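Subject: Structure for you to look at

Hello,

Here is the structure I said I would pass on. Please open it alongside this message; my notes come after it.

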Amino acid sequence: MPAHKAPDTPLLELGEISKSYNLDLPNEAEVLHSLSLRIARGEFVALIGPSGSGKSTLLNIIGLLERATAGSYRIGGEETRELNDAALTLLRRATLGFVFQFHHLLPAFTALENVTLPALMREGRVTPAQRERALAMLHSVGLQDATAKRPGELSGGMQQRVAIARALVLEPPLVLADEPTGNLDTQSANEVFDVMRRMHAELKVSFLIVTHDPRLAARCDRVIELIDGRIARDAPVPTSTPDEAKHAAP
Amino acid sequence: MQHSLGFERRVATRFLREGRMQTVLIIIGVAAGVAVVTYISALITGLQKNTLDKTLGAQAHVTLSERDDAVLPALAPAPGTLVLAQTQARAQRPRSIANWQAVVPLLEALPGVTAVSPMVAGAGLALRGEATQSIALVGVELERYDRIIGLRSKLTAGAAQLGPGDGIIGRELAANLGVRVGDRIAITTGSGPAAVTDGLRVTALVDLGVRELNRRTVIVPLRTAQSLVGLPGGVTNLDITLDDIWSAQALATDLAARLPYKVEGWQEANASLVSALNAQSISTGVIRAVVMVVVVLGIASVLVVSVVQKRREIGILRAMGATQGQVLRIFLLQGAIVGALGSVIGVVLAVALIWAFSRLALGADGLPLFLITLHPALALQVAGVATLCGVLAAVAPARRAARLDPAQAIRM
């Protein structure tokens, strides 16, 4: 199947990426096989596939949380293969935002504090401007009244919106979302997805979203389907009205 | 620019507040440990100071005297000659330090020396009516001797006055002879042309802190003692007092090597006391070390549990871009915070214990058995060590946290 043509200056570029676990052991298992992929700035991409197809592994490699066994991975034009852990961490901090399935907010921090955490981590303090920016992000995701609440006091959908605000507050070039709606009811899932689309439109940040939900995948701009560690499909989503997409059959 | 530890401080304090019960319990544990260490240290320091004050209250830190008389062989044996003689040791007699007037300024100029006092020491008898008491005769210059043992502060009656014909005697000796300030006694030394002196007037009574000394001591002017002992112009000892009592032995050894005299530090003269003090110090050190080890283990165990409990949060922070160093510092800071808070509370507890000891542990006279004071330096030292222990205790858990694989931690 022909790969989708990305623009000439890709945000990230994977070349012949392979990933094996238990390397050189009798139970060695290769979960990604010579996989190549490019994502351009500003794209909104869905990564779909059955369980065990290697989606999370690929997301972890793209998120610089795991290293590929072979192949090259360039992010913003920089080859990551030779970077040490410290350099990878700093690159991750500067380039990527994460949204996880189980929200993964810090329970001891309020919603606002969770959103200001990336700035605090980067500079050791939160300036008034950064605080204002975080408040504006929470406002954008509809949580202006929940800034002082802790995650335990928020619903799942609200927590996920806080996580989106946190991932976007420093406007990284790419947000990686691992099943961001997988733990939410349909209404909350739609709300969260709407927020991501709106933020994408406002901030021009690239999104790579791992999802099992074909309805949500259908609302992305491009869908990459993984099967058995290989890209089975990489194609743009045909343009449809939002209403059609929202009610597309699962 | 990275603001110093702002991120680590915020996360560390939140983690501690989140596990409130754990945090409170370990801070109490650290406080108890610090209180015990501080209290025991202050108690032992007070006890040792009290013991030393009593011991050194009536003696010099270093004493210089003539070398003992020794029997010299008439002829040096030829090499290879076996000598089968048994030599009787010579009886020691009072002898003056040769050239002592020149030695005094030499000693006074030594660093750490606070006072030098020439003394004539001899034995004799005190007589009053039918009563006879054997005495230790001490001839001194009052001002100099006062700087050696603080004589004025030890007087229980009379005034510090030591003119010709005056004498200051021990409290028990006065009681045994039935004399009071202003009374006269006779002193005889049984040797020399001035074997008896009449009309030694008691100007003051002294309590030297040791009953045996109070029972025997008669302090007279240097010239009087020189006459009584038969050493005109001579002195038998030069007493030396130092800034630092623990440097006495080193100074004594040094002087003995440099000068042709016998030089003895107070430690040599009180070897068993020094052994007891050393044993006490070692025991205290062992107790302190054991308590600190318990504190370290307590903090470490709580932080190990905390790392396990916070795996997911650590994973999130790492995924968000927290460096291994930042995660490491978060847990080291937790150890430091627990150690520091526990130290502050522990020092306050120790002050309360010392106050209770001073109020409750009283002697027969209703006064505290001895004075315990908590020096700020000791409190700071214990608190600093406990805080350092907190950081050390956190090293292993912090390294474990920093090495967590973020991808795995998030999946937990």
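Predicted model: local features only at pLDDT ≥ 70, side-chain atom pairs only at ≥ 80, totals over all residues.

Chain A has an open sheet of 4 strands in the order E2-E1-E4-E5, with antiparallel pairing. Strand E2 (29-40) and E5 of chain A stand at the edges and have a single partner strand each, so one side of each is left without a neighbour in the sheet. Helix H1 (residues 55-62) of chain A packs on this sheet and touches E1, E2 and E4 of chain A. The direction of H1(A) makes about 125° with that of E1(A).

Within the sheet, E1(A) and strand E4 (residues 70-75) of chain A are joined in the antiparallel sense by 5 bridges. One residue pair to look up there is Gly15(A) with its bridge partner in E4(A), Ser72(A). E4(A) goes on to pair with strand E5 (residues 78-79) of chain A, again in the antiparallel sense, over 2 bridges. Ile75(A) has Glu78(A) as its bridge partner in E5(A), and Arg74(A) stands opposite Glu79(A). The hairpin of E4(A) and E5(A) has 2 residues between the strands, and Gly76(A) in this hairpin takes a positive phi near 60°.

Ser18(A)

Ser18(A) lies in strand E1 (residues 10-21) of chain A. Apart from neighbours within four places in sequence, Ser18(A) is in contact with Glu30(A), Leu32(A), His33(A), Ser34(A), Ala68(A), Thr69(A), Ala70(A) and Gly71(A). Arg81(A) is 63 residues away from Ser18(A) in sequence, while the C-alpha to C-alpha distance between the two is 12 Å.

Helices H3 and H5 of chain A

H3(A) packs with helix H5 (residues 156-168) of chain A at an angle of about 25°, and their axes are 7 Å apart. Angles under 35 degrees count as roughly parallel, and H3(A) and H5(A) are therefore roughly parallel to each other. Their crossing is right-handed. From H3(A), the residues Ala111(A), Asn114(A), Val115(A), Leu117(A) and Pro118(A) meet Val162(A), Ala165(A) and Arg166(A) of H5(A). By class, this contact of H3(A) with H5(A) has 6 nonpolar, 1 polar and 1 charged residues.

Where the chains meet

How many residues of chain A are in contact with chain B? There are 23 on the chain A side, in contact with 23 residues of chain B. Helix H2 (85-95) and helix H3 (111-123) of chain A each supply at least two residues of the side of chain A that touches chain B. That side has 12 nonpolar, 5 polar and 6 charged residues.

A strand pair in chain B

In chain B, strand E1 (residues 62-65) and E10(B) run antiparallel and are joined by 4 bridges. Leu64(B) stands opposite Val263(B) in E10(B). In a regular strand the side chains alternate between the two faces of the sheet. Strand E10 (residues 262-265) of chain B has Val263(B) and Gly265(B) on a covered face, and Lys262(B) and Glu264(B) on an uncovered one.

Regards

Note on methods:
Residues numbered from 1 in each chain as written. Chains lettered and ligands numbered in written order. Contact = placed C-beta atoms within 7 Å. Buried ≥ 20, exposed ≤ 12 C-beta atoms within 10 Å, placed from the backbone. Pairing = 2+ DSSP bridges. Axes fitted to C-alpha atoms, helices over the stretch in contact; angles between N-to-C directions. Nonpolar A, V, L, I, M, F, W, Y, C, P; charged D, E, K, R; others polar. Parallel < 35°, antiparallel > 145°, perpendicular 65-115°, else oblique. Left-handed = near helix turned anticlockwise from the far one by under 90°.
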